[in-house]
Each structure stands twice: as structure tokens, then as C-alpha cells.
Amino acid sequence: MGLNETPSANRLHIGFFGNRNTGKSSLLNAITGQELAVVSDVKGTTTDPVTKAMELLPIGPVVFIDTPGLDDEGELGQKRIEKSFEVLRKIDFAIVVLDGQEAQLSEAQERLLKQLKDKKLPFVVAINKMDAMAESQEKKILQASWAKDYPYLFVSALTKSGVEELKNYIANAMKENVERDLIKDLLKPEDVVVLVTPIDAAAPKGRMILPQQQTIRDILDGNAICMVTKETTLPQTLASLKEPPKMVVTDSQAFKIVDEMTPHAVPLTSFSILFARLKGNLEQQVQGAYAIGGLQDGAKVLISEGCTHHRQCGDIGTEKLPKLLKKFTGKQLELTFTSGTGFERNLTQFDLIIHCGGCMLNEKEMKYRLAEAKRQSVPMTNYGVAIAYMNGILERSLEPLNLL
């Protein structure tokens, strides 16, 4: 991701759903004006959810997700269908594409629309191929029982008729989708914030990691002043200021040393805790951290990351966090590591989940994971909250967020 691009996690996620050959991929191409998705008359061309980030007027930065057909067949087809339904947990808007030659919904389409309604996810049924529809067919659709229950629009991916209306419908449905602040709501113009960003073997060469990029931008958007330093030069940075900074924000792995270097009169928190506030239920994650103190020998802990990256020496998730857990608890723990967009379904096998800050996951996906942990009665926290707790500085790290 370039520095000038909106992170995918901050974009509106729009999913395309429907049976095979209804024209999902063709409609996606018509909306974007680009050949983003492979189109074929052969059923089942889209075999896995495919994502594409782009700018779309009048909506703005979005991520489109094209899904496999809901009427796929066979054992493999059923797995593809379930992959399509899994996309529901991360989207902000759904476009359910119906072939205009069909008046009735299939069982899978009915199931999808019911889930959308139950989840209170905004959606619209796009009745495609209107260019080939007879007047009698249009009447059949208008008289169908589902047409009285669900919003719909007539479109043609081939001629692009109704495409602008569809784009405007999405924009209107999403205008109340207000993005929350990461840090700027805690600041006043000209406040000074010091960011501590360790540069070690695990740091990406030649660039800042995404949470640091986003925090810098949010500070600047609030007309505040941002200073970036390593933990080794934090004392000199603080000494160079005429007045104490409004706040110090640190990478979680340097929490302990930064706490020792930062005067207690200066508010201190971490990037990970800021993201917990932004994307999930911070209170739930704080309660999850307290569960660390109750772990016994043989306890199973899931350490999960939302992105996939090459694990290096000194990796926080697979090396530093496990060492800290062992030292703090004094117990023999059974650790499981996962990464990427997949998330364990059966969480009851674990006694605790420690998740990354979720900078690569959108709010919907992060809230889904938290909700699943809560539903299955498994405590869940994140890296920053857990590390703050184990270093005895959790309360201090929450004070800047006005939560105590």
C-alpha cells in the first residue's frame, strides 16, 4: 500500500452475491468501468471471493468483493457457497444480483436475503439483464412476493442501464456511515504527540507499518503536531520540548521501556489500544486481558493476526508475546498461531484469544471476531492491551482515552 492510498480496512466494503451466470462479475465491471472481474458464459467462473480496492464516484474509496455463485454444486461447490456467506461478516453493503429471466428467488438467495435483513446490513437486489427482459417478465417480478419485502433496481450490465442509479443508491445508503477518529478527537490544534516506533529486525525495510501511518495522518488531520522517534531516542525527544507533549503513543513491544522513560504526568498509550478503541469493543478486550492472570498449566491460548506477513526473528506475535506470557504467568501454556483473513470457528477449545490490533481488518470483521469470542464465552484481548496489563501499566494506558 502506498502512502497516498486509503487503507483497505478503512474503505467501504461492497459485496456482490447471486447465483452463477446472473452477471455478478459483469455488473461489477459495468459499475467500475474496468475489467476487474473475469467474465464467462461458463458457470462457476468465480470460484473464490475476489477483492479489488479502488475509488468510485460518488461513493469514494471502496473495496469490491465478487463472490462465487450461491447455486454452486457438489462438495466443493458447497464450500464455495459457505465462502460467499462468510463475506457477509466484513461487508458494509450487499448487491444481490438476480437474473432478470427468473422471477423467483432460489433457496440460497432467500437464505442470503434473510441473513442480510437479520444482520441489518444495507442491501439492494439488482435485477440484471433488463435489456433482454420482456414486459411480461417484468410484471412477473413486480408481482413476486419477495419484491414487496426487499429493495430492488433494474439494471443491465451489458448496456449499463440503471448502473448510475445503482451507484447513487449505494451512496445514499452509506451517507450515514461516519468514520470515527483514531486519535484526533483526543487532541486540540497544535497539541504535540510523540510517536515511538521501534526499528528492529521485524520492522518492514524502508517504510512505516500501517498503524503508524494512520496515526500520523489522523494527528495531522486534527491540525496537531506529530513527532516520531525510536525508543532509544525518546529521552532526547522529550527533553527537546519546551513543554510536555499532549500524549506519547508507543508500539506495544516497547511499552515497558517507554513507560519508564515517560514522566507519569504525560499521558501514555499504544497504537494497538487506539485501534481497539477504533474498531472493536475496548472494554471487552480489557476484560480479556485480566483473564491472563487466571491461566493455569495446560491452558490453550490462540494468538491471531489479521494479516499475513513473513515471520522474522523478534516477531511480536510468535516470539515476544509468548515469552512475556510465559514469564508473567509462570505456567506451561499451549499456544496456537493463526494469521490472515481466516478465523477459527470453534473458539471453545481455547482459554484465551490474543489478537493483533487489526489494522488490516475492517471494523465489521473485527467486531465479528469479538462477537464470536463473546458468544462462545472465550475471553479475547489484543496485543497492546495484553502487554500493558502484563507490564502493570494498563490503567495508565487507558487514561488518555477518557475511559477511567
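Reader: Which residues of H3 are buried?

Author: Buried means under 20% relative accessible area, exposed over 50%, and partly exposed in between (1.4 Å probe, protein chains only). In H3, the buried residues are Ala108, Gln109, Leu112, Leu113 and Leu116. Their arc around the axis is only 135°, which places them on the same side of H3; the arc is that of the directions from the helix axis to the C-beta atoms. This is a predicted model, in which local features need pLDDT of at least 70 and side-chain atom pairs count only at pLDDT 80 or more, while totals for chains, interfaces and linings use all residues. Residues are numbered from 1 along each chain as its sequence is written, and side-chain values use heavy atoms, with hydrogens and water left out.

Reader: What is the general idea behind such a one-sided pattern?

Author: An α-helix has 3.6 residues a turn, so residues three or four places apart point the same way. On H3, the face turned away from the buried side carries the exposed residues Glu107, Lys114 and Asp118.

Reader: What do the buried residues of H3 pack against?

Author: Contact means heavy atoms within 4.5 Å. The buried residues of H3 pack against strand S1 (12-18), helix H2 (74-86), strand S4 (93-99) and strand S5 (123-128). Such helices (H or I, at least four residues) and strands (E, at least two) are DSSP runs, numbered from the N terminus.

Reader: Which residues of H12 are buried?

Author: Helix H12 comprises residues 363-375. Its buried residues are Glu365, Met366, Arg369, Leu370, Glu372 and Ala373. They cover an arc of only 160° around the axis, which puts them on the same side of H12. The exposed residues Lys374 and Arg375 sit on the face turned away from that buried side. Among the elements covering the buried residues of H12 are helix H9 (271-279), H10 and strand S11 (300-305).

Reader: How does one read the meeting of H10 and H13?

Author: Axes are lines fitted to C-alpha atoms, for helices over the stretch in contact, and angles run from 0 to 180 degrees between N-to-C directions. The axes of H10 (residues 282-290) and H13 (residues 383-390) come within 9 Å and cross at roughly 45°. Angles under 35 degrees count as roughly parallel, over 145 as roughly antiparallel, 65 to 115 as roughly perpendicular and the rest as oblique; H10 and H13 are therefore oblique to each other. Leu282, Gln285, Val286, Ala289 and Tyr290 of H10 make the contact with Val385, Ala386 and Tyr389 of H13.

Reader: Where is lysine 160 found, and what is its phi?

Author: Lysine 160 belongs to the loop between strand S6 (152-154) and helix H5 (163-174). Its phi is near 70°, a positive value in a residue other than glycine. Because its relative accessibility is 46%, lysine 160 counts as partly exposed. Asparagine 223 likewise has a positive phi, of about 60°, although it is not a glycine. With 54% relative accessibility, asparagine 223 counts as exposed. Its place is the loop between helix H6 (210-221) and strand S8 (225-229).

Reader: Is threonine 237 buried or exposed?

Author: Threonine 237 counts as buried, because its relative accessibility is 11%. Threonine 237 lies in helix H7 (residues 234-239). Leaving aside residues up to four places away in sequence, threonine 237 touches Val194, Met227 and Thr229.

How values were computed:
Expected span 1.5 Å × (residues − 1).
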